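Dear colleague,

Please find below the structure that I am handing over to you. My findings follow directly after it.

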Amino acid sequence: MISFSSPVLPDSWMNSNMLLLSLIAPPENLSPEYFGSLLTQYGQVSQVTILNKSLMDYKVLVEMGTPEAAKSAKSFLDQLSSNFIKCSFYSDEKPPQSGSLNNCSLDLINDSTMSSLRNRHSTSLNEIVQEDDKQQPSSKRKINSSTTLQHTTTLCLNGIKGKNLDAQKLYNIFSNFGNIDKILFIKYNPEQTRLKNFALIKYLKEEYSIFVFENCQKLQFFDSTISISFVAEDAIEKLLSLDTLYNEQDYYVGSQETDRFNSSNKMNLLPPSQVLHVSNLKKVSSNAETMWDVFSEFGIVEAVKVLNTQFKFMCLVKMENLKQALEVMALMHNEEVDNRNVQISFTKARI
């Protein structure tokens with residue numbers, strides 16, 4: 001653990017060669033090597049230590065070779081993005097002990113490195129992140145933690161990519177697995193930084209988020225390959241105040257009108273499937289030829305099966321692969337076919 005006697009650092013600490021970085025909603029692939037690579041252009045980086053890893057409380061201690069290097073690095077970080085990285089000087093006058101900073105406990109994680117990049121100089125954050133994405137660590141570090149995985153109703157989806165993706169399209173996919181309270185989609189500006197996009201999804205019940213965590217890891221759709229983790233219940237609320245991070249279409253609030261499931265009935269949650277159930281069709285549209293024409297615009301249709309009854313008109317549509325099925329779900333759920341909003345859901349039925 002590490003502690004500070006005051007949340008305001010003394011002026012004398014301005015001459016420190018150590019920096020304390022606090023990050024809001026960082027991508028999951030950040031490592032000591034990343035920070036060493038990022039800051040070595042401003043001088044020797046002696047050591048980087050990850051103090052705490054979580055979406056809303058990610059803290060890093062960086063020891064630069066000289067106070068001058070620390071000042072240059074801090075100046076760069078302050079300009080990088082004040083919304084995402086808060087940087088302050090830190091003094092090692094007192095050894096790390098149990099305590100808190102601003103009432104937040106910091107668990108020390110054995111994730112540190114001595115910089116071996118003393119003669120390297122990088123010109124941009126873009127180059128650093130691109131190189132970091134290509135390199136794989138030679139050995140996995142073991143992170144010591146006394147806590148076990150804690151389930152919450154809120155999930156973080158990392159690896160979200162896609163030019164036209166927004167919160168509504170994410171809702172179209174993930175509302176299949178339970179009624180959703182809110183979705184917040186954070187898109188980083190590639191002109192400022194290549195830190196990756198992510199989305200937060202808050203379900204109404206914990207059983208829904210657990211189902212998604214267990215059944216939707218590594219899903220691929222558009223340009224995304226997502227990884228999913230649990231985050232704090234109030235993660236969305238904490239980020240909503242940073243309204244420069246998202247546009248109106250990147251924030252979605254669910255309601256009883258948009259819920260897929262009737263909360264009074266037992267819900268049968270199904271994992272994502274290559275076969276889609278299409279309902280709320282008009283009689284004139286519920287035929288194989290029309291369905292083939294409509295859905296082939298979004299991928300290769302392998303099969304169509306009509307499920308019409310006297311009063312209900314439905315079809316099963318099988319896409320070539322799961323990725324295409326997810327993209328159809330994102331783009332076509334609740335869209336009009338012959339002036340009627342069709343409903344699309346995953347199914348365990350086969351064609």
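Among contacts between residues at least 6 apart in sequence, 74% join residues at least 24 apart. Please note that this is a predicted model. The chain comprises 351 residues, of which 49% count as buried. Its secondary structure consists of eight helices and 18 strands.

Four strands form it in the order β14-β15-β13-β18, and their pairing is antiparallel. Its edge strands, each pairing on one side only, are β14 (301–306) and β18 (343–346). On average, neighbouring strands of this sheet are turned by 25 degrees against each other, direction ignored. Between β13 (residues 275–279) and β18 there are four bridges in the antiparallel sense; Val278 has Ile344 in β18 as its bridge partner.

Two helices lie across strands of this sheet. Helix α7 (residues 288–295) lies across β13, β14, β15 (315–319) and β18, and runs at about 145 degrees to β14. Helix α8 (residues 322–332) lies across β13, β15 and β18, and its angle to β18 is about 150 degrees.

I turn now to the charged side chains. The structure holds six salt bridges. Lys182 takes part in one with Asp181, at 3.5 Å from N to O, and in another with Glu237, at 3.0 Å from N to O. The latter pair links distant parts of the chain, as Glu237 belongs to helix α6 (residues 235–240) and Lys182 to strand β7 (residues 180–186), 55 residues apart.

Why does Lys182 count as buried? Its relative accessibility is 16%, and the cut-off for buried is under 20%. Glu237, by contrast, is partly exposed because its relative accessible area of 32% falls between the limits of 20% and 50%.

A further salt bridge joins Lys318 and Glu302, whose closest N and O atoms are 3.8 Å apart. Since Lys318 lies in strand β15 and Glu302 in strand β14, this pair ties together parts that are 16 residues apart in sequence. Both residues count as partly exposed, Lys318 at 23% relative accessibility and Glu302 at 40%.

Yours sincerely

Terms used. Residues numbered from 1 in each chain as written. Predicted model: local features only at pLDDT ≥ 70, side-chain atom pairs only at ≥ 80, totals over all residues. Heavy atoms only, no water. Buried < 20%, exposed > 50% of the residue type's maximum accessible area, 1.4 Å probe, protein only. Contact = heavy atoms within 4.5 Å. Pairing = 2+ DSSP bridges. Axes fitted to C-alpha atoms, helices over the stretch in contact; angles between N-to-C directions. Salt bridge = Lys/Arg side-chain N within 4 Å of Asp/Glu carboxyl O.
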